[in-house]
Amino acid sequence: MPKQIYLDYAATTPTDPEVLKTMMPYFKKEFGNPSSLHRFGQIALVAIDEARRKVAKFLNCQEDEIVFTGSATEANNLAIFGVTKALKKKGIKPHIITSKIEHHAVLHPFEESEKQGIEVSFIAPNKEGIIKLESVKKAIKENTVFVSLMYANNEIGTIQPIEEIGQFLAKINKERKQRIYFHTDAVQAINYLDCNIKELGVDLLTLSAHKIYGPKGVGALFIKKGTPIKPIIYGGGHEFGLRSGTENVAGIVGLGKAIELGEKYKNDIERIKKLRDKIIEKVLKIPNTRLNGLKEKRLPNNVNISISGVEGESLMIALDQQGIAVSTGSACSSRELKPSHVLLAIGLSPKEAHGSLRITLGRFTTEEEVDYFLKVLPNVVKRLREISPF
Ligand SMILES: Cc1ncc(COP(=O)(O)O)c(C=O)c1O
């Protein structure tokens, strides 16, 4: 198979041609600054409003509950630091909770908060990569004010019981003196799971354009009306005073279009899931392999396997030489040689975690590509096992 095969959709997705087409005018003729009062500015402002409407419709929230940011990382930072800062100003000494399997865009702000003297708890998942409601209940203290849990994991694809946890928090909030605000990083979930914020019961939700066939460098944060939050970036007061900086008009337009297209491609999810299951079934036939994360509660496009006796890095490079792009650990941190914190958290040894491979599918993945990958993989594993020092 001569062409390159991309099986790393959790790292990023190609920009959909329809998205790109919608963005193009805002690089050219419609280049205005949305803060300008003349026609050029107003055209750009209308385009941003339209994108905000699309995102709000998708999440089932109001338009002024959406803040556009420069990435999901920034949206997560705004949620975590912004809410705790607002509560501290009210004289509250906050305790905040997250899980051990979050993306670094949540984990590192939590670690930083801890350094700044905030009380922090990191909940462990079970061996199948699920954060159980019971663990959340156990972690809650009298001064707990904020819980941040991802909707779907970017490495092992496990889907967390956000709705169940949201309902529980709503129930206890009625009796608590101090309300607990609930944030979810839904970056990997947007194209695959129900993201109606009313059903999920979240106060804040993060999303990113480049994981849903939109451009890189654009994210958004849903902030429920009434949630105490302060900006972390100061300047001209854009985005309701919560994210200063001239808006990335083309990027925001692209995010709006990508969200809209996601609805159009809903019927494609079943096809992707079937390809995923084919990969899981065939790969597990290779001796000494295991699937990481629960199969039943897993994103339709995610396969994460450990292959004993081989290094994930070597496997990834060998597959790349055959024209196949996959990932080992999290793509965002794959330059680090540390074993994945997610795999360690679900109980894998560092050696097992090093031998892991993440295959993620998407809109443009074909059965022919999957078959080619399944033909190449066993031979690559065999060759690497023969020369492996393990
Ligand atoms: C779950 C999750 N959260 C946050 C991010 C960061 O997104 P962005 O690249 O838009 O900052 C990623 C990217 O890998 C992710 O998978």
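How many aromatic pairs does the count come to? The count comes to 6 aromatic pairs. Keep in mind that this is a predicted model.

**Stop 1: the rings**

Select Y6 and Y9. Their rings form an edge-to-face aromatic pair. Color the two residues by accessibility. Y6 is partly exposed, with a relative accessible area of 29%. Y9 is buried, at 6%.

Now select F31 and F40. This aromatic pair is tilted, with 5.3 Å from centre to centre and 40° between the planes. F31 is exposed, with a relative accessible area of 56%. F40 is partly exposed, at 44%.

In general, a pair of aromatic rings is described by the distance of the centres and the angle of the planes.

**Stop 2: helix α6**

Select residues 162–175. This is helix α6, which has 14 residues.

Which residues of α6 are buried? They are I162, I165, G166, F168, L169, I172 and N173. Turn the view to look down the axis of α6. The buried residues fall within an arc of 165°, so they line one face of the helix. An α-helix has 3.6 residues a turn, so residues three or four places apart point the same way.

Now select K171, K174 and E175. These exposed residues sit on the face of α6 turned away from its buried side.

What do the buried residues of α6 pack against? Show α5 (133–139), β5 (144–148), β6 (181–185) and α7 (197–200): the buried residues of α6 pack against these elements.

**Stop 3: one serine in helix α4**

Select residues 104–115. This is helix α4, and S113 lies in it. Is S113 buried or exposed? S113 has a relative accessibility of 1%, so it counts as buried. The cut-off for buried is under 20%.

Next, show the contacts of S113. Leave out residues up to four places away in sequence, and S113 touches I80, F81, I96, I118 and V120.

**Stop 4: salt bridges**

Side chains of opposite charge can pair when their charged atoms come close. The count for this structure comes to 22 salt bridges. Here are some to visit.

Select K29 and E30. They form a salt bridge, and their closest N and O atoms are 3.4 Å apart. Look at the two partners in turn. E30 is buried, with a relative accessible area of 18%. K29 is exposed, at 62%.

Move to E134 and K137. Their side chains meet in a salt bridge, at 3.4 Å from N to O. Both residues lie in helix α5, 3 residues apart, which is about one turn of the helix. K137 counts as partly exposed, at 35% relative accessibility. E134 is partly exposed, with a relative accessible area of 46%.

Then select E281 and K285. Their side chains also meet in a salt bridge, with 3.4 Å from N to O. K285 is exposed, with a relative accessible area of 58%. E281 is partly exposed, at 48%.

**Stop 5: two cysteines**

A disulfide is a covalent bond between the sulfur atoms of two cysteines. How many disulfides does a search of the whole structure find? The search finds 0 disulfides.

Select C61 to check. C61 is in no disulfide, and the nearest cysteine sulfur, that of C195, is 11 Å away. Now select C195. Its closest cysteine sulfur is in C61, at 11 Å, which is too far for a bond. The cut-off for a disulfide is 2.5 Å between the sulfur atoms.

Finally, check where these cysteines sit. C61 is buried, with a relative accessible area of 11%. C195 counts as buried, at 3% relative accessibility.

Definitions and conventions:
Residues numbered from 1 in each chain as written. Predicted model: local features only at pLDDT ≥ 70, side-chain atom pairs only at ≥ 80, totals over all residues. Heavy atoms only, no water. Helix = DSSP H or I, 4+ residues; strand = E, 2+ residues; numbered from the N terminus. Buried < 20%, exposed > 50% of the residue type's maximum accessible area, 1.4 Å probe, protein only. Contact = heavy atoms within 4.5 Å. Expected span 1.5 Å × (residues − 1). Arc of directions from axis to C-beta. Salt bridge = Lys/Arg side-chain N within 4 Å of Asp/Glu carboxyl O. Phe/Tyr/Trp six-rings, centres within 6.5 Å; stacked < 30°, edge-to-face > 60°.
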